[in-house]
Amino acid sequence: MKKHGILHRELAALIASLGHGDAIVVADSGLPVPPGVTCIDLAVTKNVPGFLPVLEAIMYELVVERAVVARELENNPELRQAIADKVAPVELQTVTHENLKQLSQKARAVIRTGEWTPYANIILYAGVAF
């Protein structure tokens, strides 16, 4: 049994399999999952698990070189700042929510949380550890 880190079998395997430039989406419970994109569904009930704890766990394990959020997240400055803090020192790039949904079509997977906060979504692009 794993002692620490991500215990969810599919999520741990996904992170271990990512190569440089591969994208994953950490999503609220409402973001549509594009056809053909794997969905790792962690949602249990409203806000369980929350978006931020899942993002934090992923950031602990994944080298991230780029992060993209929806421009509409500017309407929730507290959440935007919390996300920026979790991905620091990587700077957040912004696109429209519609563009974020289009970009998610090229993701290796969407990790669906139980989050019920609008625009609590991020695309993480894997970097390299060397």
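The model is predicted, so local features need pLDDT of at least 70 and side-chain atom pairs count only at pLDDT 80 or more, while totals for chains, interfaces and linings use all residues. Residues are numbered from 1 along each chain as its sequence is written, and side-chain values use heavy atoms, with hydrogens and water left out. Helices (H or I, at least four residues) and strands (E, at least two) are DSSP runs, numbered from the N terminus.

**Helix 2 against helix 3**

- The axes of helix 2 (residues 51–61) and helix 3 (residues 77–87) come within 9 Å and cross at roughly 15 degrees, where axes are lines fitted to C-alpha atoms over the stretch in contact and angles run from 0 to 180 degrees between N-to-C directions.
- That crossing angle makes helix 2 roughly parallel to helix 3, a term for angles under 35 degrees.
- F51, L52, L55, E56 and M59 of helix 2 meet L79, A82, I83, K86 and V87 of helix 3, with contact meaning heavy atoms within 4.5 Å.
- Sorted by class, this contact holds eight nonpolar, no polar and two charged residues; Ala, Val, Leu, Ile, Met, Phe, Trp, Tyr, Cys and Pro count as nonpolar, Asp, Glu, Lys and Arg as charged, and the others, Gly among them, as polar.

**The two sides of helix 2**

- F51, V54, L55, I58 and M59 are the buried residues of helix 2, where buried means under 20% relative accessible area and exposed over 50%, with a 1.4 Å probe and protein chains only.
- The face turned away from the buried side of helix 2 carries the exposed residues P53 and Y60, and P53 has a relative accessible area of 52%.
- The C-alpha atoms of P53 and T113 are separated by 9.6 Å, although these residues lie 60 residues apart along the chain.

**The two sides of helix 3**

- L79, I83, A84 and V87 are buried in helix 3, and they fall within an arc of 140 degrees seen down its axis, so they line one face of the helix.
- The buried residues of helix 3 pack against helix 2, strand 3, strand 4 (92–95) and strand 6, whereas E78 and D85 are exposed on the other side of helix 3.

How values were computed. Angles under 35 degrees count as roughly parallel, over 145 as roughly antiparallel, 65 to 115 as roughly perpendicular and the rest as oblique. The arc is that of the directions from the helix axis to the C-beta atoms.
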